[in-house]
Protein chains: 2
Amino acid sequence: MKNPIHLMPLILVAWSMQAGAADPLPSWNDTSPKKAIIAFVEKVTKEGSADFVPVPERIAVFDNDGTLWTELPEYFQGIFVNDRIKAMAPQHPEWKTEEPYASILKGDVKKALAGGEKALLDLVMATHAGMTTDEFDKQVTDWLATAKHPKTGRPFTEMVFQPMLELLDYLRANGFKTFIVSGGGIEFMRPWTEKVYGIPPEQVVGSTGGLKYELRDGKPVIVKTPSLVLNDDKEGKPVGIQRHIGRRPIFAAGNSDGDFQMLEWTTTGSGARFGLIVHHTDAERECAYDRKSPFGKLDKGLDEAPKRGWTLVNMKDDWAAIYPEKK
Amino acid sequence: MKNPIHLMPLILVAWSMQAGAADPLPSWNDTSPKKAIIAFVEKVTKEGSADFVPVPERIAVFDNDGTLWTELPEYFQGIFVNDRIKAMAPQHPEWKTEEPYASILKGDVKKALAGGEKALLDLVMATHAGMTTDEFDKQVTDWLATAKHPKTGRPFTEMVFQPMLELLDYLRANGFKTFIVSGGGIEFMRPWTEKVYGIPPEQVVGSTGGLKYELRDGKPVIVKTPSLVLNDDKEGKPVGIQRHIGRRPIFAAGNSDGDFQMLEWTTTGSGARFGLIVHHTDAERECAYDRKSPFGKLDKGLDEAPKRGWTLVNMKDDWAAIYPEKK
């Protein structure tokens, strides 16, 4: 046996690396999802490795509702719609008797939505079209500044998942470009995603309404029109990815069957791929729901995840914290 | 008077800065456009100045045809369409007699296009729809590898303007994010813009056809469908900018009246803004055309540029070189 003193420099290097490298995912327990994420990032970023992916191709896509922030008791954008209908009511005296507005104003969301898709579309268009993009941006920003989550009383932008914020940071620190690909409205997310998630407007993909460029009193504006250009859900998600990004992602995170095709498209490409599903299992700290939920239903994804090698994150066991600490 | 020796360090610093700073725009003559560009970049990047713009808001948009590369004798994508019709003809025996294909196959583009917009749309859809995005990407890449410009005999990807390549680099070196916003097809540009312009697929905006996600033999593909989701020209350009970028640019470059609204939208925002129009004035080294050209018509823009403070680049006088040196 050679003199073990020869190994000392190596041991010292290893020791100092361990001491120096802070845990990039401190709100993740040391269970299998965290280990799988780190193993994936290490192999695709290791130059010379068979799984190495050049920086420009490190595209990561994230669903928003239920993946980056909570989606219950209903999608937060739905609460925004409710609040906007109430705020706009004085300018629309006819809403007192006209459905679905009348029921919303009486606080009966269930009755309002009894009109099905048509009723929902009416409500969305009444609150999301007809104004300029600047005006809408201001409405969203003003609403977020004061609105509170009905259960926790916290601002909606604090109802984001701390482990996912860390994951976004960790991926970006490793050369990934992070995108949102959400069924939510693209213009509803853009005013705040940079501040909250570090994701700039040009990296937000979402359901998209029509836009029209025009001059108002000689001043150019872009007006939101009542039409749907992209329904960024299910089969629409790979379409949104291709339309806005033009590359196939190598990392996708979702939480519901609305994300199934995005996960499928991402993980069936060649080379190393990662699919992640946030499974809402924590009734105490957040919510517990899956196969039968009207919001964020996760059924097919639960069955398919093991077969397809997707990582299921069990919120209760895998996350040490859910939300950021109160400011 | 104090001893001038005190000034020596300052003089030395100034001298060394001048010697050290390479000209960022060597293919631009020292005429007013170059000076205006540099003055603009210096003021918006100078921290503490009234015109300072934070890095994330330094969005620059560029038209492609006639702005970043030549657009005559016709749009290069039109030449691609012609070549594709000829390549596809053996699979379409009916095209021998069916217009507009029959005329294209006989080399009579003028007669083919006598059918107006319908004929053009038929040709575009026949060559741009029905295949997967991967297949189309390969068709464009293969075509560019062998096709040559009819006048110069150079590959189309070498028919790009050297001064504009330098401008793109210069803006990026100063924290700008550069985007293409072109009337050309988004999927036609994405396969090569990163290599040629340093602009990645996710920063390319263009006219956009429909897409459909589906499984073929159990394998997911995205298929191009014969519909138009965005006509990224004139009023469509600010719409494309909002849809894909979600921020108002502070720098826009174009060359035709198809870029008018993009320049207007960019330069009427608050704070420092820059509008640039490439005026094709060099019949000898490139082409000379403006108000009466069927391609890249520049009429309103010529009249409005001085009133709106847009910088007109006179290709003949302001550019020391047109194309990159032959490889």
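## Domain against domain

A polar contact is a pair of N or O atoms within 3.5 Å; within protein, one must be able to donate a hydrogen and the other to accept it. In this predicted model, the rule finds 5 residue pairs in polar contact across the interface of domain 1 of chain A and domain 2 of chain A (both at pLDDT 80 or more). Salt bridges between these two domains number 0.

Domain 1 covers 4-72 + 157-318 of chain A, and domain 2 covers 76-146. Their C-alpha centres lie 29 Å apart. In chain A, 20 residues of domain 1 are in contact with 16 residues of domain 2. The two domains of chain A bury about 1,500 Å² between them, 72% of it on carbon and sulfur atoms. On the domain 1 side, A:Phe188, A:Pro191 and A:Lys224 supply 43% of the buried area, more than any other three residues.

## Chain against chain

Chain A and chain B each give 36 residues to their contact. About 3,000 Å² is buried between the chains, 56% of it on carbon and sulfur atoms. Of the area that chain A buries here, 24% comes from A:Glu202, A:Tyr213 and A:Arg243, more than from any other three residues.

## Polar and charged links between chains

The rule finds 6 salt bridges across the interface of chain A and chain B. In a salt bridge, the side chain of A:Arg247 meets that of B:Glu194 (3.4 Å, N to O). The side of chain A that touches chain B has 17 nonpolar, 8 polar and 11 charged residues.

Notes:
Residues numbered from 1 in each chain as written. Chains lettered and ligands numbered in written order. Predicted model: local features only at pLDDT ≥ 70, side-chain atom pairs only at ≥ 80, totals over all residues. Heavy atoms only, no water. Contact = heavy atoms within 4.5 Å. Buried area = accessible area lost by both parts, 1.4 Å probe. Salt bridge = Lys/Arg side-chain N within 4 Å of Asp/Glu carboxyl O. Nonpolar A, V, L, I, M, F, W, Y, C, P; charged D, E, K, R; others polar. Domains from an automatic or database assignment. Polar contact = N/O pair within 3.5 Å; in protein donor to acceptor, adjacent residues only side chain to side chain.
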